[in-house]
Protein chains: 2
Amino acid sequence: MNEIKIFSPATVANISCGFDVLGLCLDTVGDEMVVRKTNEKKVTITKITGYDLPFETRNNVAGVAALSLVEHLKPNCGFEIEIHKKIKPGSGIGSSAASASGTVFAINELLGKPLSLKELIPFAMKGEELASKALHADNVAPVLLGNFTLIRSYNPLDVIGISAPEELYVTVIHPQVEVKTSEARKVLPKAIDLKKAIAQTGNMGGLISGLFTSNYDLIGRSLHDEFAEPYRASLIPNFNKVKEACLNAGALGSGISGSGPSIFALSKGKDVAKKIGKVMSECFNNTAIDYDIHISKINTNGIKILETN
Amino acid sequence: MNEIKIFSPATVANISCGFDVLGLCLDTVGDEMVVRKTNEKKVTITKITGYDLPFETRNNVAGVAALSLVEHLKPNCGFEIEIHKKIKPGSGIGSSAASASGTVFAINELLGKPLSLKELIPFAMKGEELASKALHADNVAPVLLGNFTLIRSYNPLDVIGISAPEELYVTVIHPQVEVKTSEARKVLPKAIDLKKAIAQTGNMGGLISGLFTSNYDLIGRSLHDEFAEPYRASLIPNFNKVKEACLNAGALGSGISGSGPSIFALSKGKDVAKKIGKVMSECFNNTAIDYDIHISKINTNGIKILETN
């Protein structure tokens, strides 16, 4: 195999009570990437469509992730990367994670899969580090593994895959305003009231139990966030209005996707997910803010191979 | 049915990362109780063996729990309660919870089960309130439901039963020193570093995932407590020594049972559980402190009916 074309999906990180430890994989929105082997032992980015991103390998999340993997595997070739960006950078649905994970996945395939998908995570995280100055895994893990992923621990890195109930859907609205990750980090408190921290662990236990037993009501009852949402909600226009509209339309729960500005809602079944998309959009119809809506089942596979040559 | 004799088991609450939200049910240690219907519409405690506890109904955890249930159900009879106490009060393995839960279970049986086991929890909690001035459910829930129980939320009360992997064993040492629950509460911090709170939710997700998938290693990797153990460890003689000995002997994890002084360890299989009991006891062999050791599978049923008449 000399060339591979892949679909590298968007992801929702944090997921209310899963702040900083949970992520899930979307199915209907993602980047397309083409990676091909070259004789020259170099990593170059040859094409970027969709959005304006740096071509210089060391300044591009896909490039940085590729370099870290190449440095580790020391293959007898180089790589050319084409990035066809469909996920808007800064949307809060894992745009950088898709590029970084997609690249390491593609290179690993081209080299005959020397590493497992889990083993690729630390290399994809190098791209995240460039994008957000933090080595976080809650977007790259669900891109690579699909489904829900839990980062139990960073030191050592311990990622647990969790299957999603069959009828679980995600609706995401991306209101096109800028929420800087650095700003979203700055508003977080350094310490949390012990009672709230206990409530969060209770809800986390409930959410994981609900996922394992396909108990949609329990999933819904558990979707609360004491750590970030109370502090970040005000950074996102209409957040409370959108969340309330989602819950009224039958969402199991709703919260901030990543560090925003996207807002997600989980629901049982496609019809409810679509209805939620409608009420989400209505919240922005009489504003000057543009938005995208994504409606998706949980992607159980992660990255998909579209073509190989 | 006019009379029922039951075995009401001891429990381990908190379970490291499950501080204040998780509990599990033991199988080899518990109180025996006899409850019988009387014509006179009164609740009386007629016999207490094992330990010296108050006979006055309103001063006894079993009495108080019984009264709250009777007030709710308004049966056309009264009840006599015999308590054959085997769980030492103040041991940290749910002595008061066994008495309170056992009584409401027995009365419910005698009345033809008007309430479900989950519905009995709030009445048993009334006994806990008398014992510790707090309406907590993390011991009474596993007594009534067996297995592991998660208190997802107190307001509203939302208790989730979680089955245990088949080979999971618990070893408990009860060093006979007094740790007052009020003292153990006092040393807890009011607020927790956000990073530690996130680590706790990650471990909670890991523990619940491990229980659902019978992944013993993951259960072990998740058994850390950032909320209480760092503050309470010094209240329990030899805690760190015992914990280290347990881990060296092959325990999946170890921590404080309830608010102490008992220390628990989880393990895979009976042989390791027994070995842990041995190394636990060795930690106290050259001290003036007496101790009890309990080795038990997870009790999947909770309270057991021994006899009915």
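Across which strands of chain A does helix α10 (residues 270–282) of chain A lie? Helix α10 of chain A lies across β7, β10 and β11 of chain A, and runs at about 15° to β7(A). Here angles run from 0 to 180 degrees between N-to-C directions, and axes are lines fitted to C-alpha atoms, for helices over the stretch in contact. Helices (H or I, at least four residues) and strands (E, at least two) are DSSP runs, numbered from the N terminus.

## Before you start

This is a predicted model, in which local features need pLDDT of at least 70 and side-chain atom pairs count only at pLDDT 80 or more, while totals for chains, interfaces and linings use all residues. Residues are numbered from 1 along each chain as its sequence is written, and chains are lettered from A and ligands numbered from 1 in the order in which they are written.

## Two domains in chain A

Let us begin with the layout of one chain. Chain A is divided into domain 1 (3–163 + 300–308) and domain 2 (168–297); the bounds come from an automatic or database domain assignment. The centres of these two domains, taken over C-alpha atoms, are separated by 24 Å.

Domain 1 of chain A brings 23 residues to the contact and domain 2 of chain A brings 31 residues; two residues are in contact if their C-beta atoms, placed from the backbone, lie within 7 Å. On the side of domain 1 that touches domain 2, β1 (3–13) and β2 (22–38) of chain A each supply at least two residues. β2(A) gives the most to that side, with five residues. By class, that side of domain 1 has 11 nonpolar, 10 polar and two charged residues. Ala, Val, Leu, Ile, Met, Phe, Trp, Tyr, Cys and Pro count as nonpolar, Asp, Glu, Lys and Arg as charged, and the others, Gly among them, as polar.

## A helix pair in chain A

Two packed helices are described by the angle between their axes and the distance between the axes. Helix α2 (residues 95–110) and helix α3 (residues 117–132) of chain A pack at an angle of about 145°, and their axes are 8 Å apart. α2(A) passes α3(A) in a right-handed crossing. A crossing is left-handed if the near helix is turned anticlockwise from the far one by less than a right angle, and right-handed if clockwise.

To find this contact in the structure, look for residues of α2(A) including A:A100, A:V104 and A:F105, and residues of α3(A) including A:L120, A:F123 and A:A124. The contact of α2(A) with α3(A) has eight nonpolar, five polar and one charged residues.

## The four-stranded sheet of chain A

Chain A has an open sheet of four strands in the order β9-β10-β7-β11, with antiparallel pairing; two strands pair if DSSP finds at least two bridges between them. β9 (253–256) and β11 (291–297) of chain A stand at the edges with a single partner strand each, so one side of each has no neighbour in the sheet. On average, neighbouring strands of this sheet are turned by 20° against each other, direction ignored.

β9(A) and β10 (residues 263–268) of chain A pair in the antiparallel sense over four bridges, and A:G253 stands opposite A:L266 in β10(A). Helix α9 (residues 239–248) of chain A packs on the sheet and touches β7 (168–175), β9 and β10 of chain A. The direction of α9(A) makes about 5° with that of β10(A).

## The sheet of chain B

In chain B, four strands form an open sheet in the order β9-β10-β7-β11, with antiparallel pairing. Seven bridges join β7 (residues 168–175) of chain B to β11(B), and B:I173 stands opposite B:I293 in β11(B).

## Where the chains meet

34 residues of chain B are in contact with 34 residues of chain A. The largest share of the chain B side, 13 residues, comes from α6(B). The residues of that side divide into 19 nonpolar, nine polar and six charged. Strand β8 (residues 191–193) of chain A and β8(B) pair in the antiparallel sense over three bridges, with A:A191 opposite B:D193 in β8(B).

How are the two copies related? Chain B can be laid on chain A with an RMSD of 0.0 Å by a turn of 180° and a shift of 0.0 Å along the axis. That is the relation of a two-fold axis. Copies are superposed by least squares on the C-alpha atoms of residues with pLDDT of at least 70 in both. The same surface serves both copies, as 100% of the contact residues of chain B recur in chain A.
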